[in-house]
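User: I am new to this structure and would like a close look at one part, the surroundings of the ligand. Please take me through them carefully.

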Amino acid sequence: MCGIFGYIGFQKATPLLVNGLRKLEYRGYDSAGICLLEPNKLKTIKAKGRVGELARKVDNEILPATIGISHTRWATHGEPSERNAHPHLDCQEKIAVVHNGIIENYQALKKLLEKEGHCFLSDTDTEVVSHLIEKFCLNNNFEEAVLKTLALLEGAWGLAILKAGENKIIAAKKGSPLILGIGNNEMFLASDASAILEHTKKVVYFNDGEMVVIDQKGFLTKMANGDIVKKEIQELKWDVGQIEKAGFKHFMLKEIFEQPQAIANTLRGRITDNEVKLSIDIDPASIKRIIMVACGTSFYSGLIGKHLFEKICRLPVEVEYASEFRYRDPIINNNDLAIAISQSGETADTLAALNEAKRKGAKTLGIINVVGSTISREVDSGIYLHAGPEIGVASTKAFTCQITALVLLALYLQQEKNAQIDKNIIKELKLIPEKIQQVLNQAELVKALANFIKNSSNALFLGRGFSYPVALEGALKLKEISYIHAEGYPAAEMKHGPIALVDENMPVVFIATNDQTYEKILSNMQEIKARNGKILAIVNPGDIRASQLANWTIETPKTIDLLSPIVNVIPLQLLAYYVADAKGIDVDKPRNLAKSVTVE
Ligand code: M6R
């Protein structure tokens with residue numbers, strides 16, 4: 001949700017800033033802008049729309065500056081426009097601010113500043129920050145002025161700030177991600193590691209409440225009271241190849257195809273034939289209930305997790321939309337384990353829900369992909385997915401790796417509590433990467449079937465048991481990237497209302513593989529067929545009965561019920577991808593969305 005990139009060093013800053021923004025564009029693409037430090041003044045260039053628009057503008061200028069900050073925006077306050085694009089300046093145009101997050105008390109601050117004579121040019125919450133720094137710079141140095149400003153702000157921020165005449169960037173973090181890359185006589189500041197990786201693997205992560213002053217040679221981190229904080233330099237584990245498209249048309253397609261490897265990575269070193277090894281700092285015997293908090297696709301993997309934990313460990317589980325959880329005063333006990341599931345590890349709602357559970361005494365665990373992300377540093381224990389960077393806005397490999405990690409955790413709790421483990425699950429788990437590959441080999445078939453759906457206005461996705469969350473995920477994938485209205489339902493719920501929607505124009509996708517709900521699903525398929533709905537069924541090889549009811553089928557290899565979501569979601573991801581691509585939509589950057597949602 002908004003991307004920030006900053007550079008201070010000896011190279012020309014502009015191409016580095018534009019390139020950094022391109023890497024962060026998945027976080028938002030409503031507008032983009034840069035600000036460069038020129039001798040005693042600032043040079044700002046902004047454009048509405050994608051980073052490409054900004055690049056076209058800067059190409060026409062000779063810009064020798066070696067210090068600059070930049071921003072790609074996902075609009076929260078104020079429409080997407082050049083006027084609302086960051087950086088935002090003060091009245092004198094001496095201070096420039098880029099911001100990721102929300103200043104919740106900006107209206108009160110703006111009123112105050114306007115009374116004092118400050119003129120605002122945008123509708124954003126961010127602009128108060130540059131005017132506050134301007135105000136405090138009258139009697140303080142740059143650094144003190146920033147500290148005084150931060151003390152007045154409420155909300156969330158990743159900030160990067162320039163001041164004319166000062167050869168430094170000041171940055172600050174609270175609730176939004178910020179990472180510093182350390183090069184040789186140059187520094188890179190970014191919202192996430194994907195923008196830094198090609199320059200350096202040496203990074204520093206910041207904690208909430210910290211402010212950092214960066215110059216070409218070094219950096220100094222301080223707390224709000226001015227106390228200096230000692231920071232550890234860490235090594236990034238990703239390599240550059242992982243953040244390129246590697247010949248695929250879109251990141252989403254690449255990430256779908258990476259799933260066999262990604263899942264193998266999630267499993268690596270964590271299972272033998274009869275043991276699960278996780279380094280978790282929580283006593284399994286003390287856990288009496290699990291509460292999972294997550295959003296979007298990660299929430300659906302939590303729904304599958306509920307089935308898993310109940311089946312494997314016989315533990316009660318609640319799965320909550322993180323955005324709802326903390327507003328209803330949930331009842332939490334010391335024996336609860338709160339699990340935050342998040343690809344990015346930065347989702348504001350998930351972070352807030354996790355903190356609420358923690359505050360009320362729950363132990364916490366994260367299932368996270370991005371190493372060093374905010375949630376990963378807030379939890380007592382964690383399981384990293386090791387899925388590699390997920391750049392496409394539509395989450396794919398994170399989903400299947402999250403389920404894999406949840407299976408590992410459920411088996412681990414079973415093993416630690418009962419001193420035994422279900423070896424059949426382990427055996428089947430090891431076969432999953434190969435089974436996914438078998439589905440991927442049918443991509444051309446799915447592409448052909450996408451033609452039957454691409455002109456529909458609506459679609460239904462139906463499943464039961466373990467396949468119900470898969471239906472939800474299939475519908476989410478289709479709607480978010482193809483803009484076709486799609487709903488996921490438990491198949492048996494259709495007859496309680498939604499079946500009224502079904503006619504010959506309604507494609508209905510059934511997950512009808514041969515699990516314990518198979519007979520029931522067949523009846524639900526009959527109900528749709530009787531109303532002329534067009535059925536696409538996901539079936540196991542050799543299936544006859546579901547296939548006879550369907551207009552089209554895609555086969556997925558048989559596995560045990562509790563692992564079937566990992567295999568059965570693959571054709572639904574491919575279907576959404578090929579429908580969206582056939583409609584000419586920019587699959588990696590669908591309208592109105594951002595990869596990392598760092599606002600509540
Ligand atoms: O990074 P997270 O897993 O916390 O993100 C949660 C959701 O924002 C995310 O899954 C979103 O729903 C995706 N667009 C789904 O494809």
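Analyst: Helix 8 (296–313) and helix 15 (467–482) each supply at least two residues of the shell around the ligand, and helix 8 gives the most, with three residues; helices here are DSSP runs of H or I with at least four residues, numbered from the N terminus. This is a predicted model, in which local features need pLDDT of at least 70 and side-chain atom pairs count only at pLDDT 80 or more, while totals for chains, interfaces and linings use all residues. Residues are numbered from 1 along each chain as its sequence is written, and side-chain values use heavy atoms, with hydrogens and water left out.

The ligand is surrounded by 14 residues, of which the closest are Ser298, Ser342, Ser344, Thr347 and Glu480, a residue being counted if one of its heavy atoms lies within 4 Å. By class, this shell holds eight polar, four nonpolar and two charged residues, where Asp, Glu, Lys and Arg count as charged, Ala, Val, Leu, Ile, Met, Phe, Trp, Tyr, Cys and Pro as nonpolar, and the others, Gly among them, as polar.

Turning to polar contacts (pairs of N or O atoms within 3.5 Å), a polar side-chain atom of Ser344 lies 2.7 Å from an oxygen atom of the ligand, and a backbone N or O atom of Gln343 also lies 2.7 Å from a ligand oxygen. For Lys477, an N or O atom in the side chain is 3.0 Å from an oxygen atom of the ligand. The protein covers 91% of the 410 Å² of accessible area that the ligand has on its own, with areas taken from the Shrake-Rupley method with a 1.4 Å probe.

How values were computed: Polar contact = N/O pair within 3.5 Å; in protein donor to acceptor, adjacent residues only side chain to side chain.
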